[in-house]
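Please read the report below beside the sequence and the three-dimensional view.

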Amino acid sequence: MKKFFLPLLSLVLTALLAVGCGAAPDAAPAQPETPPPAAEPEAPESPKSEVASTDQMAPVKDVVDPDMEPVHAGALQDGTYHIAVDSSSSMFNVTACELTVEAGQMTAVMHMGGKGYLYIFPGTGQEAAQAEEGALIPFTEDGDGAHTFTFPVEALDTGLDCAAFSKKKEMWYDRTLVFRADSLPQEAFREGAFATAKTLGLADGSYTVSVALEGGSGKAKVDSPAALRVESGAAYATVAWGSSSYDYMRIGQEKFLPLNTEGNSTFEIPVASFDRKLVVYADTTAMSTPHEIEYTLRFDSASIEKAS
């Protein structure tokens, strides 16, 4: 009996110890905890609906000339051209611009002088604030890291509304832009878009033509009417300034030297077309250091007369 009892007691004690230690020989292994789902990145906020008031804007410059006539894509050859852009605000500074004409449409890539705007919109600030986000034009960066915007251009030489969204102020600002046809090269225009000596039927010879000058400080003057010479179907005008301080003129990259060495500065320049503003540069020596001044000249075809 004693021999039987001792082994049985040993078995009972072993079982009790196993229960006390919580052993569970058939228990399933513990499962690792499921990690929480990763947080989704926050989407960038859409532009807010505030529109800057006149009091919240820098002084506005009137860039629309009432005498300008709109120039549409149909007057231009397909291609890409450098073009000057006038802005109604110094805070919206376009440092360079490429105009692309294709299939009767025009778009412009504007390179900005800063990074303060996140979006633009082809309309007013109120329209931009109510527009769907997909209608807004976001910035891209050019090779130099500058902000650029691709803007639809309805016409040149007309005021176009452009709303700009400020990153710092989180407001829409109303701007007016003018894409200047007078800054395009003559070859950008289709034949017949402007009057030329050929389309006017001017025979070789001497004529006079009225000329209007704009630009600079507004104090410069040129003689009008000016002498006009037509040779082999090309026209050349004599531009006589009211000052002797100009040492050269420039159209594009071509320079023209004075015809005279005494008296008021006088130059002969080509007139590729009439009735449109021609951008010219004149270098003045009247100040402490010589520098170029931008002007425009407009030769009126209706005023052309045979020289006596």
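In this predicted model, the element that gives the most to the lining of the largest pocket is β19, with 5 residues. Elements here are DSSP runs numbered from the N terminus, a helix being H or I over at least four residues and a strand being E over at least two. The elements giving two or more residues to that lining are β12 (211-215) and β19 (291-299). The largest pocket has a volume of about 870 Å³ and is lined by 32 residues, with Asp65, Met68, Asp182, Glu214 and Lys277 nearest its centre. By class, its lining comprises 13 nonpolar, 4 polar and 15 charged residues.

A pocket is an open set of points on a 1 Å grid over the protein atoms alone, with protein on both sides within 12 Å along at least five of seven lines, whereas a cavity is a set where a 1.4 Å probe fits but cannot get out; lining residues have an atom within 4 Å of a point. Grid points are joined across faces, edges and corners, and a volume is the space filled by probe spheres set on the points. Ala, Val, Leu, Ile, Met, Phe, Trp, Tyr, Cys and Pro count as nonpolar, Asp, Glu, Lys and Arg as charged, and the others, Gly among them, as polar.

Residues are numbered from 1 along each chain as its sequence is written. Because the model is predicted, local features need pLDDT of at least 70 and side-chain atom pairs count only at pLDDT 80 or more, while totals for chains, interfaces and linings use all residues; side-chain values use heavy atoms, with hydrogens and water left out.

The second largest pocket holds about 490 Å³ of space, and of its 19 lining residues, Leu184, Pro185, Ile251, Gly252 and Val279 lie nearest the centre. Both β15 (246-251) and β18 (277-284) supply at least two residues of this lining, and β18 gives the most, with 3 residues. The three spaces described in this report are set out below.

| Space | Volume | Lining by class |
|---|---|---|
| Largest pocket | about 870 Å³ | 13 nonpolar, 4 polar, 15 charged |
| Second largest pocket | about 490 Å³ | 10 nonpolar, 5 polar, 4 charged |
| Largest cavity | about 40 Å³ | 4 nonpolar, 1 polar, 1 charged |

How many cavities of 30 Å³ or more are there? The count comes to 1, and the residues lining the largest cavity are Ala272, Ser273, Arg276, Leu278, Leu297 and Phe299. Among these, Ser273 lies in the loop between β17 and β18 and counts as buried (under 20% relative accessible area, with exposed over 50% and partly exposed in between, for a 1.4 Å probe and protein chains only), because its relative accessibility is 6%. The side chains of Ser273 and Gln186 are joined by a polar contact of 3.3 Å, that is, a pair of N or O atoms within 3.5 Å in which, within protein, one must be able to donate a hydrogen and the other to accept it, residues adjacent in sequence counting only if both atoms are side-chain atoms. Leaving aside residues up to four places away in sequence, Ser273 touches Gln186, Phe194, Ala195 and Thr196, where contact means heavy atoms within 4.5 Å.

Strand β17 also belongs to an open sheet of 5 strands, in the order β17-β14-β13-β11-β20, with antiparallel pairing. Because β17 (266-271) and β20 (305-306) stand at the edges and each has a single partner strand, one side of each is left without a neighbour in the sheet. Strands pair if DSSP finds at least two bridges between them; β14 (residues 234-240) and β17 pair in the antiparallel sense over 6 bridges, and Ala237 stands opposite Ile269 in β17.

Some backbone details remain. Most residues other than glycine have a negative phi, and most peptide bonds are trans. A cis peptide bond, with omega about 5 degrees, joins Ser224 and Pro225, and Pro225 is in the loop between β12 and β13 (226-231). Asp157, in the loop between β8 (147-152) and β9 (160-166), has a positive phi near 55 degrees and is buried at 16% relative accessible area. Glu170, in the loop between β9 and β10 (172-179), has a positive phi of about 55 degrees and is partly exposed at 35%.
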